[in-house]
Amino acid sequence: MERLYIGEEYLALENKRVATLRYFVVEQSKSVEDSKEWISTYGLEVEKWNGKNVESGFVSDVTTNKEYAVDIMDCIRKNKVTPIHLKDIVVDMKKKSNVYR
C-alpha cells in the first residue's frame, strides 16, 4: 500500500482553533477474481488533525485509474471535505458521473 500526498487545507473551528485536513490517494494491489493477476486500485483518504486528535476517513477501490483518483481528491481537497463526509461525497460523485473510471 502506497499513499500519495495530494495536499492540505485548514479548517476554522470554534474558539479560534484550526484543524489541518490532509488528503491522500492510496494505491492498493488487488487480485483479480479467478486469476493469478494483480491490479492496482486507488482509494481516497482524508485525515483531520486538530492538535490533539486525528480523525480519518477512507474509501477503498474508487478507481483503477491513478490520474482520475488524483483529480477526484484534488476536487475534494479544494472543497475542504472532512473525513466524516468523504464516503457520502464519493457516492454522490459516482451517481453524477454514473461511472468510476
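**A close look at H1**

Tutor: The buried residues of H1 pack against S1, S2, S3, S4 and H2. Contact here means heavy atoms within 4.5 Å. Helices (H or I, at least four residues) and strands (E, at least two) are DSSP runs, numbered from the N terminus. The model is predicted: local features need pLDDT of at least 70, side-chain atom pairs count only at pLDDT 80 or more, and totals for chains, interfaces and linings use all residues. Residues are numbered from 1 along each chain as its sequence is written, and side-chain values use heavy atoms, with hydrogens and water left out.

Now the helix itself. H1 covers residues 66-78. Its 13 residues should span 18 Å at 1.5 Å a residue, and the end C-alpha atoms are 18 Å apart, which agrees. The expected span is 1.5 Å times one less than the number of residues.

Which residues of H1 are buried? They are Tyr68, Ala69, Ile72, Met73, Ile76 and Arg77. Buried means under 20% relative accessible area, exposed over 50%, partly exposed in between (1.4 Å probe, protein chains only). An α-helix has 3.6 residues a turn, so residues three or four places apart point the same way.

Next, the ends. Asn65 caps the N-terminal end of H1, with a side-chain oxygen 3.0 Å from the backbone nitrogen of Glu67. A polar contact is a pair of N or O atoms within 3.5 Å; within protein, one must be able to donate a hydrogen and the other to accept it, and residues adjacent in sequence count only if both atoms are side-chain atoms. Just after H1, Lys80 has a positive phi of about 50 degrees.

Salt bridges with shared partners join Arg77, Glu9, Asp74 and Lys78 into one network. A salt bridge puts a side-chain nitrogen of Lys or Arg within 4 Å of a carboxyl oxygen of Asp or Glu.

The four strands form an open antiparallel sheet, ordered S1-S2-S3-S4. Strands pair if DSSP finds at least two bridges between them. S1 (2-12) and S4 (54-63) are the edge strands, each with a single partner, so one side of each has no neighbour in the sheet. H2 (residues 83-97) lies across S2, S3 and S4, at about 20 degrees to S4. Axes are lines fitted to C-alpha atoms, for helices over the stretch in contact, and angles run from 0 to 180 degrees between N-to-C directions.
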